[in-house]
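Please read them with the model open beside you.

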Amino acid sequence: TNLIELQHVWKRYDTGGEIVEALKDVDFRADPGEFVAVMGPSGSGKSTMLNVLGLLDTPSEGRVLLEGSDVTDLSDQEMTVQRKQFIGFIFQSFHLIPTLTALENVEVPTLFGNDPAARDRAETLLERVGLGDRLDHRPDQLSGGQKQRVAIARSLINNPRILLADEPTGNLDRKTGRSVLDLFDEIRLEDDVAVIAVTHDPQLAEFADRTVNIIDGRIQ
Ligand code: ADP
Ligand code: ADP
């Protein structure tokens with residue numbers, strides 16, 4: 001079975017009279033350990049697809065399967081449980097909390113879980129992404145590449161099976177971007193995690209196992 005699968009997914013937005021079809025009959029799967037790039041022009045449906053894969057949004061039609069289980073019709077609460085268990089998110093703009101240290105930022109997803117081992121795990125993850133000597137630095141004391149490494153460590157704190165990344169190299173120069181890609185590569189091989197990245201970055205697309213192109217809501 002596939003780790004995650006979209007079957008005939010349509011997404012329609014009603015914008016007060018006009019219906020926008022953001023996804024049109026999208027079929028997509030990713031396997032453990034795979035690195036998939038999703039490319040396409042602005043407005044083609046990439047963010048919508050990422051939101052559906054991330055269980056942040058539900059399709060208007062079609063099914064979403066996680067490890068073969070249909071999760072399309074789960075309640076919001078059940079969806080949140082699945083999201084926390086399966087999925088980590090990474091963003092172009094890092095989304096770190098400026099007043100917290102690197103270590104505290106990595107712990108954020110565990111804060112409501114009452115998990116005494118969370119701090120140790122956060123530290124181990126920061127060491128793993130090469131920031132063992134930056135635990136107490138705040139985001140404004142870190143470079144762009146270091147901030148993205150903190151965000152990647154944070155995305156791994158709940159041991160997800162899938163990493164969803166929105167332009168993860170978009171704010172990084174080529175060399176720093178490359179080192180972030182190498183880190184994704186390490187993670188997917190060691191943890192058997194699927195990495196799915198929306199991108200305009202040719203370097204990322206070249207690095208990925210495969211590229212999916214989406215134009216006007218349709219996978220080409
Ligand atoms: P991309 O990420 O490729 O730029 P999006 O998924 O953001 O594309 O958008 C796809 C289409 O859906 C666009 O026409 C966009 O305007 C529309 N869209 C996205 N989100 C909404 C929304 N919440 N309400 C209405 N229309 C939306
Ligand atoms: P950009 O890549 O331009 O910086 P963002 O990273 O702000 O854009 O947001 C990308 C997408 O991620 C949006 O469609 C938004 O709905 C979603 N998103 C934003 N914040 C979160 C969050 N905390 N958890 C999960 N998804 C989020």
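1. A polar side-chain atom of serine 93 lies 2.9 Å from an oxygen atom of ligand 2, and histidine 95 likewise places a polar side-chain atom 3.1 Å from an oxygen atom of that ligand. For aspartate 166, an N or O atom of the side chain is 3.4 Å from an oxygen atom of ligand 2; such a polar contact is a pair of N or O atoms within 3.5 Å. The protein covers 53% of the 560 Å² of accessible area that ligand 2 has on its own, where areas come from the Shrake-Rupley method with a 1.4 Å probe.

2. Before going further, note that this is a predicted model, in which local features need pLDDT of at least 70 and side-chain atom pairs count only at pLDDT 80 or more, while totals for chains, interfaces and linings use all residues. Residues are numbered from 1 along each chain as its sequence is written, chains are lettered from A and ligands numbered from 1 in the order in which they are written, and side-chain values use heavy atoms, with hydrogens and water left out.

3. Which residues surround ligand 2? They are Asn51, Leu56, Phe91, Gln92, Ser93, His95 and Asp166, a residue being near a molecule if one of its heavy atoms lies within 4 Å of it. This shell divides into two nonpolar, four polar and one charged residue; here Ala, Val, Leu, Ile, Met, Phe, Trp, Tyr, Cys and Pro count as nonpolar, Asp, Glu, Lys and Arg as charged, and the others, Gly among them, as polar.

4. Side chains of opposite charge can pair when their charged atoms come close. A search of the whole structure finds 17 salt bridges, each defined as a side-chain nitrogen of Lys or Arg within 4 Å of a carboxyl oxygen of Asp or Glu. Arg12, Glu21 and Glu61 are linked in a network of such bridges.

5. How is aspartate 216 paired with lysine 24? The two form a salt bridge whose closest N and O atoms are 3.2 Å apart. Aspartate 216 lies in the loop between strand 9 (210-215) and strand 10 (218-219), whereas lysine 24 is in strand 2 (residues 19-30), so the pair ties together parts that are 192 residues apart in sequence. Helices (H or I, at least four residues) and strands (E, at least two) are DSSP runs, numbered from the N terminus. Aspartate 216 is exposed at 51% relative accessibility, while lysine 24 is buried at 13%; buried means under 20% relative accessible area, exposed over 50%, and partly exposed in between, with a 1.4 Å probe and protein chains only.

6. Arginine 188 and aspartate 209 also meet in a salt bridge, at 2.7 Å from N to O. Arginine 188 belongs to helix 6 (residues 174-191) and aspartate 209 to the loop between helix 7 (202-207) and strand 9, so this bridge ties together parts 21 residues apart in sequence. Arginine 188 is buried at 9% relative accessibility, and aspartate 209 is partly exposed at 44%.

7. Finally, consider the backbone. Most residues other than glycine have a negative phi. Glutamate 167, however, has a positive phi of about 50° although it is not a glycine; its place is in the loop between strand 7 (162-166) and helix 6, and it is buried at 11% relative accessibility. Aspartate 216 likewise has a positive phi of about 50°.

Key
Polar contact = N/O pair within 3.5 Å; in protein donor to acceptor, adjacent residues only side chain to side chain.
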